[in-house]
Every structure is written in structure tokens, then in C-alpha cells.
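Please examine the sequence and the model before reading each solution.

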Amino acid sequence: MDATEAQRPYNVLFLCTGNSARSIIAECVMNREGQGRFKAFSAGSHPRGEVNPFALDLLKRTNFDVSGLRSKSWHEFAEPGAPELDFVFTVCDDAAGEECPYWPGQPMSAHWGMEDPAAFQGSDTEKALAFADTMRGLTNRISIFVSLPLKTIDKLSLQRRLDEIGKAHPSAA
């Protein structure tokens with residue numbers, strides 16, 4: 001690793017089919033929890049074109065900057081000039097089953113599947129609670145991830161930990 005790579009944050013891409021809720025929330029949480037050591041992005045295989053209003057409301061209420069958020073295609077991260085990715089995490093089962101583009105940088109990847117809060121049927125209050133549960137689960141997983149000793153752990157052990165984080169129940173990750 002050269003001096004430039006040692007100084008740059010780890011680039012993390014969160015993927016979901018629609019890129020309107022789970023991956024957007026994960027992007028925001030990682031950028032906050034990562035405290036400058038990580039730079040998070042999100043994208044979708046079939047982006048909806050807008051961020052889910054319940055996700056936006058939750059992020060605003062929890063003091064996240066939502067000004068630059070947008071639903072975008074994962075192809076943006078496979079094009080020339082895209083950030084070199086260190087990690088790619090799928091947060092929905094559909095995206096995990098799709099054939100992903102080639103990611104520059106040969107990132108490590110894992111599946112951290114979460115229930116889709118946008119698919120929840122119920123009152124607006126119940127939907128808001130579903131989004132809050134999703135944020136809580138993602139925050140738990142991301143908090144564990146950012147505490148890993150990335151500079152000293154070997155790749156095989158790191159991959160095992162990434163997979164374990166995704167397999168654990170989100171509330172206990």
C-alpha cells in the first residue's frame with residue numbers, strides 16, 4: 001500500500017435493488033460512524049429514481065445531512081473515474097442474487113440482508129417504526145464493522161468477520 005492509499009478513507013458501497021431506503025440509510029450511517037476513516041456510497045441495480053420519503057424523514061429527524069442523497073445506478077461505480085472500492089455490501093436479497101458489474105479495486109464483499117421497510121404494510125406510524133428498525137440494524141452492523149482492526153487483520157479472517165456480521169440478527173450484529 002503506498003502513502004496515498006494509506007491516507008485515503010476506505011470506500012464502501014452499499015447495494016440494494018431500488019437504492020431508495022436501506023442502502024441510502026447505510027450510506028448515511030457509515031459516513032457518520034466511520035468518522036472520516038470510511039467514505040460510503042450507495043447504489044441500486046434498478047434505482048427507483050428517488051429516495052423513499054420515510055427514509056428521508058428518518059434521516060432528517062436523526063440529524064443526517066440529506067442534501068446530496070439520490071437514488072442512482074450501480075453502473076456509476078463501474079465506470080472510469082469511479083472511486084476505487086474497498087468493500088461492497090448488499091443489503092437486500094434481490095441485489096445479492098444479481099450479477100454485479102466489475103468493481104474497480106477488487107473490493108471485499110458480503111451480504112448484509114435486511115427486511116425492506118418500504119415493503120412494510122401498515123399505518124404511517126408503523127412504517128416509520130419499520131424504517132427505524134432498519135436503521136437500528138444497519139447501525140449495529142456498521143458499528144461492528146468500523147471497529148474491526150482493518151490494518152492488521154488478514155483477508156481470510158476479515159472475510160469471515162464480514163460474513164458473520166451479515167448472518168447475525170441485525171439487532172444483535
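Contact means heavy atoms within 4.5 Å. Helices are DSSP runs (H or I, at least four residues), numbered from the N terminus. The model is predicted: local features need pLDDT of at least 70, side-chain atom pairs count only at pLDDT 80 or more, and totals for chains, interfaces and linings use all residues. Residues are numbered from 1 along each chain as its sequence is written, and side-chain values use heavy atoms, with hydrogens and water left out.

**Exercise 1.** Describe the packing of H2 and H5.

Step 1. Helix H2 (residues 22-33) and helix H5 (residues 124-146) have axes 9 Å apart, at an angle of about 45 degrees. Axes are lines fitted to C-alpha atoms, for helices over the stretch in contact, and angles run from 0 to 180 degrees between N-to-C directions.

Step 2. This makes H2 oblique to H5. Angles under 35 degrees count as roughly parallel, over 145 as roughly antiparallel, 65 to 115 as roughly perpendicular and the rest as oblique.

Step 3. From H2, Arg-22, Ile-25, Ala-26, Val-29, Met-30 and Glu-33 meet H5 residues including Phe-131, Leu-138 and Ile-142.

**Exercise 2.** Determine how H5 and H6 are oriented to each other.

Step 1. The axes of H5 and helix H6 (residues 155-167) cross at roughly 165 degrees and come within 10 Å.

Step 2. H5 and H6 are therefore roughly antiparallel.

Step 3. In H5, Arg-141, Ile-144 and Phe-145 meet Arg-161, Leu-162, Ile-165 and Gly-166 of H6.

Technical notes:
Helix = DSSP H or I, 4+ residues; strand = E, 2+ residues; numbered from the N terminus.
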